[in-house]
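Me: I would like to learn how to read an interface between two chains. Could you take me through this one step by step?

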Amino acid sequence: MIDREEVIRIAALARLDLSEEEIEKYQRDLTDFLTACAQLKKVDVSQLRATSHAVTIKPRLRQDRVGPSLKQTDVLSGGADVQDGFFRVPRIVEGQG
Amino acid sequence: MSRKYDTVIGLEIHVALLTESKFLCSCSTEFGAPPNSHCCPICLGLPGSLPAINAKAVEYAVIAGSALNCVINPFSKFDRKNYFYPDLPKAYQITQDAYPICGPGYLDYYVQDKLERTKIVRIHLEEEAGKLIHSGESIIDSEYSLVDYNRAGIPLIEIVTAPDITAPEQARLFLEQLRLVMNYIQVSDTKMEEGSLRCDANISLKPKGSPVLGTKVEIKNLNSFRALERALEFEKERQREVLEQGGQIEQESRTWDERAGKTMTMRSKADAPDYRFFPDPNLPPLNLDPVWIENLKKSLPELPLERLHRLKDQDRLSHYEAAFLVNYPDFGDLFEKVKVTFPEPKAIVNLLMGDYARLAREHGHLNPVRLGELLQLLADEVINKNQGKDILEELFKTEEDSPAEIVEKRGWRMLSDAAQLRKVVEGILADNPDLVGRFRNGENKLFGFFIGQVMRATEGKADPEVVNNLLREELEGGRN
């Protein structure tokens, strides 16, 4: 069983705040998931080419041409805090040098 | 520096590619537009948007890899690197993790007159992050920051070197050569001040000769060649002091503070992010045509090192002269053009490196044909060096008249006619009998005075060699 701290750490990476019940639920879910992965790992794939991507089609590359962008006001409309045409964000790093 | 430690340096260089539009959308890459005016649902990562790879960015990455002698991988793919940082609007960066577009390669460059090689581990394509403007002096003392996403999504290549570099100065020389290569192949404008060339450095110390690498520290925020070298010098000394006092180096990221002249802790390994790479589901892997790759390799222009060696071997220039023409490609190109009409490499480079360089930086370059004509007049001794300088100044004002026409108009033609000059010399000696006497009694330094008098009398037009011979004849003939 994957432990509480691991679930909390993974949740923190995605900035998720989990309740006690959710932590327990994800402990179970993630354990089931990893168990399934462990089973898959037992399959002999030595003769197979690795699948590095689920899609096998060739990408359509785009010509290097400039197209229209959004208006600045539209770009900024999704921001919680804006100033002089910029998004404004709180302190980024903690601590001193 | 203590002799007890070896310095080990590796660089990660970000080169923004000179495409018109961004990597995965058609927003403009133009520098200096109003903030957040070159953004769209794709580069902002709005739900439902679909990225499409810019063909030019792929081409430039292959050209750059080829110029750095890298293996080009026909198969490569794109991954999402997940982390939260305000310069990343999508909360992930599209990059290449396990399958980069270019594999191992190397770059050769000179450190003084010794050819060094630094191995390239890989080059991958990725998108640029947005630009942060901090409210304080640096990120560390900023209560808030402003974000401009115009830059977010511009294509860039990250070039990762092996830890092959052994000194801060060498790191700078490597980076300078790398920039030159990028300029020659025209995939980037490599302006460090605009951020289109950026460098992070990893540095560690190990006991001299030890095969085991020490704990490395990553330095960020290196915005100039000078900053790179200074930051590495500082960090080398800092680590040496820690080690000599029996301490341990902590694996961490440090930021270079230009003003304070020191590196400062940014984040430590303890809270190192877990990027959770996974294949970008919206972008199928690249499968490049090997023939197309070969053709790009074949179409590479002459690279800086090749040019340097050609100038030294074929044109017989010194390392210093050749390096000047290589490091300032506009001068190098002009040199080639002048050589077409005036095939004397040494004379051309002497002219270009002298007064010409100073004037050209101020006014722009002259027509190579005019320079060839000027050099020809000097070679034919129609004019002397000082007159050559005057004509050069004149050409920077207007190139309407050829150097020969300027000579005619100003009556600057060099006076080499011995009979005519003899009269001048005789006149001057006749006017200065005392001095002539003193010279003949051994005051050799007076010779210069007579030369000066002749030059003055001829308004600087006299051929110094002819004057010299005439004076010797006249003066020494009657020496006691």
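Reply: The size of an interface is often given as the accessible area lost when the parts come together. Here chain B and chain A bury about 4,000 Å² between them, with 62% of it on carbon and sulfur atoms; buried area is the accessible area (1.4 Å probe) that two parts lose on being put together, summed over both. Of the area that chain B buries against chain A, B:Phe84, B:Ile140 and B:Leu146 supply 14%, more than any other three residues. This is a predicted model, in which local features need pLDDT of at least 70 and side-chain atom pairs count only at pLDDT 80 or more, while totals for chains, interfaces and linings use all residues. Residues are numbered from 1 along each chain as its sequence is written, chains are lettered from A and ligands numbered from 1 in the order in which they are written, and side-chain values use heavy atoms, with hydrogens and water left out.

Me: How many residues does each chain bring to the contact?

Reply: Chain B gives 57 residues and chain A gives 36 residues, where contact means heavy atoms within 4.5 Å.

Me: How many salt bridges are counted between chain B and chain A?

Reply: The count is two, a salt bridge being a side-chain nitrogen of Lys or Arg within 4 Å of a carboxyl oxygen of Asp or Glu. One of them joins B:Glu143 to A:Arg91, whose closest N and O atoms are 3.2 Å apart.

Me: Which strand of chain A pairs with β8(B)?

Reply: Strand β2 (residues 86-90) of chain A pairs with β8(B) in the antiparallel sense over four bridges; strands (E, at least two residues) are DSSP runs, numbered from the N terminus, and two strands pair if DSSP finds at least two bridges between them. Within this pairing, A:Phe87 stands opposite B:Val147.
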